[in-house]
Amino acid sequence: MPRDIEHAAPATAHATAHAEASAEGSARAAVRWTLTRNLATTPRIFMLHMGAAAGGSCAIGIGFWVAGYPLVFGFCACQALALLSAMVHYTIHALDGEQLVLTGETLEVQCIRGFRSTTVRLNPCWTRLEFPAGSEPPTLCSGRTRVPVAVHLGAAQRRKFAEDFSRLLAGARTLDSAP
């Protein structure tokens, strides 16, 4: 039976873990972690607000142009272009995050950064989670492969994620070593 585990999320990120029964019906369950940004508004509302700000700026610029000051309109148009570039950047990176799926045999990590999506499959028996002391995100290490995870989580959520994930990773190792 599936169960969801929600972690308290700061204003910057969201973490969920989802355990689901495997297809074979065995005792091992796949655990899925989804670590994404916590968006304050929906993309549609964000775009409406940015469009309203750019439209208002351009309306003011047109008013000054009609009054005989066309240079003001140029600055208002530059401001609208800056808002447009910020909106494009936001929409490209709105879905950034990581998805980790831990089964008994594999650990699959999918990282999404803008238009790039990479998937890495690791052996849980040979994988460790390094948690540096500074503001660096935790890193999954397996041989020469290093994958930063929990990039968008706050410090407290990173520690909680590292504790929970390390415990589940150790549990996957013991299940693999059992006969």
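Trainee: Which residues does Ser142 touch, not counting residues up to four places away in sequence?

Mentor: Ser142 touches Leu122, Trp126 and Thr127, once residues up to four places away in sequence are left out; contact means heavy atoms within 4.5 Å. Before going further, note that this is a predicted model, in which local features need pLDDT of at least 70 and side-chain atom pairs count only at pLDDT 80 or more, while totals for chains, interfaces and linings use all residues. Residues are numbered from 1 along each chain as its sequence is written, and side-chain values use heavy atoms, with hydrogens and water left out.

Ser142 has its place in strand 8. Helices (H or I, at least four residues) and strands (E, at least two) are DSSP runs, numbered from the N terminus. With a relative accessible area of 14%, Ser142 is buried; buried means under 20% relative accessible area, exposed over 50%, and partly exposed in between, for a 1.4 Å probe and protein chains only. Pro124 is 18 residues from Ser142 in sequence, and the two are 8.6 Å apart in space, C-alpha to C-alpha.

Strand 8 (residues 139–142) and strand 9 run antiparallel and are joined by 4 bridges; two strands pair if DSSP finds at least two bridges between them. Within this pairing, Leu140 stands opposite Val147 in strand 9. A network of salt bridges links Arg128, Glu130 and Arg146. A salt bridge here is a side-chain nitrogen of Lys or Arg within 4 Å of a carboxyl oxygen of Asp or Glu.

The structure holds 7 salt bridges. One of them joins the side chains of Arg113 and Glu98 at 2.7 Å, N to O. This pair links distant parts of the chain, with Arg113 in strand 5 (residues 107–113) and Glu98 in strand 4 (residues 97–102), 15 residues apart. Glu98 is buried at a relative accessible area of 2%, whereas Arg113 counts as partly exposed at 29%.

Another salt bridge brings together the side chains of Arg121 and Glu108 at 3.3 Å, N to O. Arg121 lies in strand 6 (residues 116–122) and Glu108 in strand 5, so this pair ties together parts that are 13 residues apart in sequence. Arg121 is exposed, with a relative accessible area of 60%; Glu108 is partly exposed at 28%.

Glu108 also has a place in the strand pairing, as the bridge partner of Val101 in strand 5. Strands 4 and 5 run antiparallel and are joined by 6 bridges, and a hairpin of 4 residues connects strand 4 to strand 5. Strand 4 also pairs with strand 3 in the antiparallel sense over 6 bridges, where Arg32 stands opposite Val101.

A salt bridge at 3.3 Å, N to O, joins the side chains of Asp164 and Lys160. These two are 4 residues apart in helix 3 (residues 155–177), so about one helical turn separates them. Asp164 counts as buried at 9% relative accessibility, while Lys160 is partly exposed at 40%.

The axes of helix 1 (residues 43–66) and helix 2 (residues 70–93) come within 7 Å and cross at roughly 170°. Helix 1 and helix 2 are therefore roughly antiparallel to each other. The contact includes Phe46, Met50 and Trp65 of helix 1 and Phe73, Leu83 and Tyr90 of helix 2. Axes are lines fitted to C-alpha atoms, for helices over the stretch in contact, with angles from 0 to 180 degrees between N-to-C directions. Angles under 35 degrees count as roughly parallel, over 145 as roughly antiparallel, 65 to 115 as roughly perpendicular and the rest as oblique.
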